[in-house]
Amino acid sequence: MVDGTTRRGFLLRGVLGGGAVTLGLPLLDAFLNDNGTAFAATLGGGRLPVRFGTWFWGCGMIPDRWQPKTVGADYDLPPQLAPIAKVKQHVSVLTGFDVLLDGKGNLPHLSGNTAVRTGAPTDDWLGIRAPTLDVLIADAIGGGSFFRSLELSADGDARTSYSFRDGRSMNSATPSAVEFYRKIFGQDFNDPNKADFKPDPRIMVRRSVLSGVTEQRQALQKRLGASDKARLDQYFTSVREMEGKLALQLQKPPPAEACVVPQEAPAVSGDITDVDRRKNNHRLMAEMLAMALACNQTRVFNMTFSTAASDLRQAGQTTGYHQSTHEELIDRSIGYQPTVDFFATRSMEAWADFVSALAAVKEGDGTLLDNMLVFAHSDVSYAKNHDVLGIPVMLAGKAGGKVKSGLHIQGGGETISRVGLTLQQVMGMPVDSWGLDAMNTKRPVSEILA
Amino acid sequence: MAEADVSGAPARLRIWDLPTRLFHWTLVPLLGLAWWTAEERMLDWHRLAGYSIFTLLVFRLIWGVAGSSTARFSHFVGGPVTLFRYVRGHMFHRGAAPAPGHNPVGGWSVLAMIALLAAQVCLGFFSVDIDGMESGPFAYLVDFETGRVAAEWHEFVFNVILALTALHVVAILFYLIHRRDNLVGPMISGTRRWTGEQPVLRFAPAWMALVIFLLVAGGTWLLIAQFGRA
Amino acid sequence: MKRSYSAAFLAFSMLASYAAYAAAPAITNAIKARQASYKEIGGAFKSINDELKSGAPDMNSVKPLARDIAARAALLPKYFPKGSGPEAGLKTRAKPEIWKDNAAFVKLQGDMITAARALDAAAASGNAAGLSAARNTLGGTCKSCHDRFRAEL
């Protein structure tokens with residue numbers, strides 16, 4: 001019933017609406033040793049898994065208004081970074097690390113993000129010569145969970161992904177909260193008969209996946225100590241709340257003239273390019289991701305808040321974020337582009353939402369975020385000029401104690417592949433150099449290492 | 001005003017109005033100034049000369065539609081047939097009668113010079129020097145390469161303007177020597193000797209020219225001040 | 001006998017003159033690299049000047065441009081190997097004086113590098129007044145070298 005030894009982690013399995021459902025369980029104290037720092041001896045005594053993920057937003061920031069002035073701990077928060085104030089202790093900011101194009105052309109909204117993730121400058125998709133670092137990390141540690149890695153995009157497009165082995169084969173993303181829900185709660189790969197089954201999320205959400213495993217839940221609760229009971233209650237409540245939010249997304253559209261009932265709920269409701277809708281969808285997916293990570297459904301993930309060359313806009317406006325970065329005139333009385341500033345700040349709010357969702361899940365003697373390393377970056381720094389120098393980078397989490405958080409580190413114009421190298425080393429991979437051509441480096445960013 | 005003598009002796013005919021003459025004679029020193037300030041890399045003055053030439057040209061284009069008869073393009077610009085007839089049967093004849101205003105060939109050379117000057121000013125607006133330091137007022141709207149192309153054409157067109165100016169002087173000398181017709185005097189005084197029947201010429205009032213000029217000058221100033229970045 | 005000698009001589013002299021004509025790859029690369037670099041520097045400098053002329057320069061644009069100029073300036077000295085003047089047979093405005101008066105040329109190159117570094121520092125500090133002064137100095141070094149060592153046509 002509770003099986004801690006399979007790759008699927010700790011699971012409750014049941015049946016709902018004629019289909020199999022699974023409910024993963026977070027790491028309860030009962031599974032851990034006395035300190036809460038490792039698995040219980042009876043379960044192998046292994047270390048708590050350290051997860052890795054990336055978070056991407058498009059169109060960078062306005063350097064003057066984003067880069068902190070003070071270096072080290074307790075860095076200042078300029079206007080565009082103000083939204084991360086409540087999660088600042090979890091977040092490190094890395095500025096001044098450059099993509100070195102080394103004579104290659106700068107392909108707008110491509111050269112920057114691919115170079116950050118592959119360590120190699122390129123001006124052509126087909127010229128991409130290395131896999132993204134999340135693929136390398138997933139190859140190393142992804143075997144310990146059911147999904148090798150989860151690619152998510154908040155924009156409703158499965159092609160929005162910056163995870164690939166080479167320029168031809170993108171790992172496609174799960175583009176909506178509904179798809180994601182189905183993926184982590186509704187699939188049962190162990191049953192060959194049900195390989196094609198796609199449980200109806202509307203039924204699942206209305207009746208709750210919790211009701212599919214009621215007996216198993218109750219049996220488990222009886223065996224747990226007080227704090228674990230409370231934790232489990234909290235977990236079940238958050239699952240139910242999340243399902244409630246999903247139910248809103250899945251509401252049927254008003255009856256149409258022809259009155260054809262859709263077979264399946266639309267993947268995403270409403271215009272997902274609107275920044276507020278995007279943030280809501282993203283927050284929901286972040287909460288689900290936190291659950292999936294806590295339940296060891298995956299150890300590697302990639303979340304894209306907005307594509308490179310950001311597709312965000314505001315409902316009612318015709319000029320979106322990307323167009324504004326190039327066409328909006330600098331308001332000389334304030335010294336920057338106001339609409340661009342608006343969207344950059346919203347993107348940072350989404351990042352703060354993401355970090356909060358991960359920090360809200362308790363695990364062992366800390367939080368889920370403490371046992372993770374999240375790598376957030378954009379495709380450019382100053383989008384107006386497609387500038388790939390000083391691409392903004394933020395890290396969240398402590399990687400199980402291997403990394404310090406809450407620092408501002410200045411790169412001084414050095415190659416941004418130093419960051420990618422550091423991340424791989426932190427995740428335990430035996431690499432001592434990374435990157436190609438001018439971006440090859442052997443020096444990790446030692447300031448963040450604990 | 002002219003007085004006809006019954007014996008047929010030459011009378012004076014008013015042909016060039018004051019605005020046209022002022023246009024001609026301020027353009028000459030302005031061109032010289034533009035040339036010299038460019039050579040001496042005094043580009044603030046060069047730009048000023050350019051803005052002034054621009055103002056004069058816009059004024060001349062308006063005056064060529066609204067001004068005195070001899071200033072109007074419709075008065076002196078002829079088609080290919082007129083041109084051919086003039087060159088063939090009139091231009092080189094020693095004692096041929098003079099034109100009241102620009103002759104057909106002269107008329108086309110006026111258009112050519114105005115066009116070249118206009119092109120030159122426009123090229124100057126977008127030019128950038130090799131150091132990327134000095135530029136025309138609208139060069140910020142284009143990239144460095146485009147600005148350099150504009151600058152190189154600006155230099156070339158200047159040579160064409162020089163050539164045309166030289167040709168203009170040669171033509172005046174030709175009329176002076178071969179046709180025994182002094183064209184410089186009338187362009188200064190506004191009147192020329194005339195024998196025989198006097199053509200009917202209308203003259204627009206000078207105050208109108210002043211108003212137009214001031215409006216054009218103000219408009220140019222606004223254009224440069226608001227949208228230009230020197 | 002004589003005919004074959006003269007034929008061989010003809011062939012050899014054609015070959016020799018072609019060899020003299022075709023520039024060595026190192027020379028060609030140097031010429032191409034410096035022309036591309038100067039063009040980029042000119043473009044970056046123009047953009048900085050356009051920003052300064054606007055009265056409220058966008059430092060987010062100016063900073064990376066100034067850095068680019070400084071980085072490129074530092075690399076320029078190695079793009080003027082001997083034989084890369086007009087004698088190379090390629091289109092170049094580099095005058096032979098560069099190698100005849102090499103000491104003077106090298107000094108002016110050094111001036112440019114110093115001025116470019118100063119512009120970069122002024123941009124990094126965000127100080128608009130210092131930026132104007134640094135811009136004037138750098139423009140002056142451009143002009144000095146061009147006046148003396150760059151052919152007009």
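Predicted model: local features only at pLDDT ≥ 70, side-chain atom pairs only at ≥ 80, totals over all residues.

Residues are numbered from 1 along each chain as its sequence is written, while chains are lettered from A and ligands numbered from 1 in the order in which they are written.

In chain A, eight strands form an open sheet of mixed pairing, in the order β4-β14-β5-β13-β12-β3-β9-β6. Strands (E, at least two residues) and helices (H or I, at least four) are DSSP runs numbered from the N terminus, and two strands pair if DSSP finds at least two bridges between them. Because β4 and β6 (150-153) of chain A stand at the edges with a single partner strand each, one side of each is left without a neighbour in the sheet.

Strands of a sheet pair through backbone hydrogen bonds, either parallel or antiparallel. Strand β14 (residues 407-410) of chain A is joined by two bridges to β4 (residues 72-73) of chain A, and these two run antiparallel; three bridges join β14(A) to β5 (residues 91-95) of chain A, and here the strands run parallel. His408(A) in β14(A) is the bridge partner of Gly72(A) and also that of Val93(A).

Elsewhere in the sheet, β3 (residues 51-57) and β9 (residues 300-304) of chain A run parallel and are joined by five bridges, with Phe301(A) in β9(A) as the bridge partner of Gly53(A). Helix α3 (residues 133-141) of chain A lies across β3 and β9 of chain A and runs at about 155 degrees to β9(A), where axes are lines fitted to C-alpha atoms, for helices over the stretch in contact, and angles run from 0 to 180 degrees between N-to-C directions.

Most residues other than glycine have a negative phi. Asn296(A), in the loop between α9 (275-294) and β9 of chain A, has a positive phi of about 55 degrees although it is not a glycine. Asn296(A) counts as buried because 25 C-beta neighbours lie inside 10 Å; a residue is buried if 20 or more other C-beta atoms, placed from the backbone, lie within 10 Å of its own, exposed if 12 or fewer, and partly exposed in between. His386(A), in the loop between β12 (372-378) and β13 (393-396) of chain A, has a positive phi near 55 degrees and is buried, with 21 other C-beta atoms within 10 Å.

Finally, six residues of chain C are in contact with eleven residues of chain A, contact meaning that the C-beta atoms of two residues, placed from the backbone, lie within 7 Å.
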